[in-house]
Amino acid sequence: MEEKKEEIIYGAKAAAKYLGMNRRTVHRLILQGIFPKHIEEIPVGEDREMSIKVWKKIDLDGYKPQIRTKGRPKATMSK
């Protein structure tokens, strides 16, 4: 991986924090195939059965607008 460290996000927890959602939502979106594809999966643990997914910040930045809600409609003042 050649990216600078500040351009990389390690793990669903960090990705969730970066996007302003919780880790469980990130995992649900991954399972649904909606979340951006990770660039690498790093095996962890003694038996290497678990892994940490790694994303580029730019990929998550491109995803941010898709998850933001439009919010409440603005009230119009009638005369």
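The model is predicted: local features need pLDDT of at least 70, side-chain atom pairs count only at pLDDT 80 or more, and totals for chains, interfaces and linings use all residues. Residues are numbered from 1 along each chain as its sequence is written, and side-chain values use heavy atoms, with hydrogens and water left out. The protein chain holds three helices and three strands. Its largest nonpolar core has twelve residues.

**Overall fold**

- Along the sequence, the pattern of the protein chain is β-α-α-β-β-α. Helices (H or I, at least four residues) and strands (E, at least two) are DSSP runs, numbered from the N terminus.
- The protein chain has 79 residues, and 23% of them count as buried. Buried means under 20% relative accessible area, exposed means over 50%, and partly exposed lies in between (1.4 Å probe, protein chains only).
- The accessible surface of the protein chain is about 6800 Å². Carbon and sulfur atoms hold 51% of that surface. Accessible areas come from the Shrake-Rupley method with a 1.4 Å probe; for residues, only the protein chains shown count as cover.
- Of the contacts in the protein chain with a separation of 6 or more, 52% join residues 24 or more positions apart. Contact means heavy atoms within 4.5 Å.

- A12, A15, A16 and L19 are the buried residues named in α1. They cover an arc of only 100° around the axis, which puts them on the same side of α1. The arc is that of the directions from the helix axis to the C-beta atoms.
- Exposed K13 and K17 sit on the face of α1 turned away from its buried side.
- G20 follows α1 and has a positive phi, near 80°.
- G20 lies in the loop between α1 (12-19) and α2. G20 is exposed, at a relative accessible area of 63%.
- G20 and K64 are 44 residues apart along the chain, and their C-alpha atoms are separated by 9.2 Å.

**Helix α2**

- Helix α2 spans residues 23-32, and its buried residues are T25, V26 and L29. Seen down the axis of α2, these fall within an arc of 100°, so they line one face of the helix.
- R24 and L31 are exposed, on the face of α2 turned away from its buried side.
- A side-chain oxygen of N22 reaches to within 3.2 Å of the backbone nitrogen of R24, at the start of α2. A polar contact is a pair of N or O atoms within 3.5 Å; within protein, one must be able to donate a hydrogen and the other to accept it, and residues adjacent in sequence count only if both atoms are side-chain atoms.
- G33 comes after α2, with a positive phi near 80°.

**Nonpolar core**

- The largest nonpolar core consists of I9, A12, A15, A16, L19, M21, V26, L29, F35, W55, L60 and Y63. A nonpolar core is a set of buried Ala, Val, Leu, Ile, Met, Phe, Trp, Tyr and Cys residues joined through side-chain atoms within 4.5 Å.
- Each of α1, α2 and α3 supplies at least two residues of this core. α1 gives the most, with four residues.
- In soluble globular proteins, nonpolar side chains tend to be buried together.
- F35 touches A15, L19, V26, L29, I30, W55, L60 and Y63, not counting residues up to four places away in sequence.

**Aromatic cluster**

- The whole structure contains two aromatic pairs. Rings of Phe, Tyr and Trp (its six-membered ring) pair if their centres lie within 6.5 Å; planes under 30 degrees apart count as stacked, over 60 as edge-to-face and the rest as tilted.
- The ring centres of F35 and W55 are 5.4 Å apart and the planes are at 85°, so this pair is edge-to-face.
- F35 lies in the loop between α2 and β2 (40-44) and W55 in strand β3 (residues 50-56), so the pair ties together parts that are 20 residues apart in sequence.
- F35 and W55 are both buried.
- F35 and Y63 also form an edge-to-face pair, at 5.2 Å centre to centre with 65° between the planes.
- That pair links distant parts of the chain, 28 residues apart, with Y63 in helix α3 (residues 57-67). Y63 is buried, as is F35.
- Ring pairs join F35, W55 and Y63 into a cluster.

**Loop between β2 and β3**

- R48 is in the loop between β2 and β3. Its phi is near 60°, a positive value in a residue other than glycine.
- R48 counts as exposed, at 56% relative accessibility.
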